[in-house]
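Welcome! Here is a short tour for someone meeting this structure for the first time. Please keep the viewer open as you read.

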Amino acid sequence: MSAALGEAVRTPWLPYRRPREGVRLRLFAFAQGGGAASTFNSWPELFPADVEVCAVQLPQRENRIAEPQYRRLSELVPDLAGAIAPLCDVPSVFFGLSFGALVAFELAHHLRRRHGFGPSALFVASQAAPRLTVPPAQTSDGLSEEAFAAAVRREGAVGPEVLANPDLFALVVPLLRVDSMLSETYRYERREPLDVPLSAFRGRADARVTVADMEPWGEETVETFRMREIDSGHIVVDATRDAVLPALLADLAAERLR
């Protein structure tokens, strides 16, 4: 594919993408459950000029608020792949935060299987390895709005800044419900491991995702696996980017992607 093709791509999946001249690497970023592409609005300025950050937007948020939701990740991923594939005219890497890590992982497999190419590296944060996912005893689809909101508070599914802001909490909870359906209906499929470097990030004080939850990510690649812990709780991009991004850039450099 030509660089000109990459520059011409416009899609609602990537609403904040700003094409850069001379781009050598694209980083596709996938937000946490209930999150939106704007989570990564500050990232482009933190990377070198030849790295283009492409924050992925799922339906039902921000510019896509009126679009119908997907009920299964297996239905979402092929459509997302169609938007991403034309931008793989240069090497790409995926970064997935929490639920976004599952999206990035499944997208990497889909692109490899259906298109014959995929990311050059995969970065995941604050998400148990896919093979550890199990169907819940009760899905959130069966909960009332009040019961679901109570569960979000009880399980610490959002950061303290969201809990402290009732208006923000009211905006985030419906998105969490949409993404909960995608994660609850997710079924891990054992396949040949990816052949790309994989780095897994975890907050040392994370009570939701343990080291034992993260370490099996290493089974998902035949290439280099790095497990990194940073000084935080459950990773929130804005609060921990100063710790995450240097490590991410170091891993890119180690793999000669930078």
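Which residues point one way from strand 2, and which point the other way? V51, V53 and A55 point one way, E52, C54 and V56 point the other way, and all of them are buried; buried means under 20% relative accessible area, exposed means over 50%, and partly exposed lies in between, with a 1.4 Å probe and protein chains only. The model is predicted, so local features need pLDDT of at least 70 and side-chain atom pairs count only at pLDDT 80 or more, while totals for chains, interfaces and linings use all residues. Residues are numbered from 1 along each chain as its sequence is written, and side-chain values use heavy atoms, with hydrogens and water left out.

**The sheet**

- Six strands form an open sheet in the order 2-1-3-4-5-6, with parallel pairing. (Strands, E with at least two residues, and helices, H or I with at least four, are DSSP runs numbered from the N terminus; two strands pair if DSSP finds at least two bridges between them.)
- Strand 2 (51-56) and strand 6 (225-230) are the edge strands, each pairing on one side only.
- On average, neighbouring strands of this sheet are turned by 15 degrees against each other, direction ignored. (Axes are lines fitted to C-alpha atoms, for helices over the stretch in contact, and angles run from 0 to 180 degrees between N-to-C directions.)
- Strand 1 (residues 25-30) pairs with strand 3 (residues 92-97) in the parallel sense over five bridges, and A29 has F95 in strand 3 as its bridge partner.
- Helix 3 (residues 99-115) packs on the sheet, where it touches strand 1, strand 3 and strand 4 (121-125). The direction of helix 3 makes about 150 degrees with that of strand 3.

- Strand 1 and strand 2 pair in the parallel sense over six bridges, and F30 stands opposite V56 in strand 2.

**The nonpolar cores**

- Nonpolar side chains tend to be buried together in soluble globular proteins.
- The largest nonpolar core has 40 residues, and those with the most contacts inside it are W13, F30, L80, I84, F94, L107 and W217. (Such a core is a set of buried Ala, Val, Leu, Ile, Met, Phe, Trp, Tyr and Cys residues joined through side-chain atoms within 4.5 Å.)
- Strand 1, strand 2, helix 2 (73-84), helix 3, strand 4 and strand 5 (198-203) are the elements that give two or more residues to this core. Helix 3 gives the most, with nine residues.
- Leaving aside neighbours within four places in sequence, W217 is in contact with residues including F105, Q127, P130 and F225. (Contact means heavy atoms within 4.5 Å.)
- A second, separate core has 26 residues, among them F40, A55, F201 and L245.

**A look at Q127**

- You will find Q127 in the loop between strand 4 and helix 4 (145-155).
- With 12% relative accessibility, Q127 counts as buried.
- Apart from neighbours within four places in sequence, the contacts of Q127 include S98, F99, M214 and W217.

**Salt bridges**

- Side chains of opposite charge can pair when their charged atoms come close.
- The whole structure has 13 salt bridges. (In each, a side-chain nitrogen of Lys or Arg is within 4 Å of a carboxyl oxygen of Asp or Glu.)
- R26 and D89 form one of them, with their closest N and O atoms 2.5 Å apart. R26 lies in strand 1 and D89 in the loop between helix 2 and strand 3, so the pair ties together parts that are 63 residues apart in sequence.
- R26 is buried at 1% relative accessible area, and D89 is buried at 16%.
- D179 forms a salt bridge with R61, their closest N and O atoms being 3.0 Å apart. The pair links distant parts of the chain, 118 residues apart: D179 is in helix 6 (residues 166-184) and R61 in the loop between strand 2 and helix 2.
- D179 is buried, with a relative accessible area of 2%, and R61 is buried, with a relative accessible area of 2%.
- R226 and D251 meet through their side chains in a salt bridge of 3.6 Å, N to O. R226 lies in strand 6 and D251 in helix 8 (residues 237-254), so this pair ties together parts 25 residues apart in sequence.
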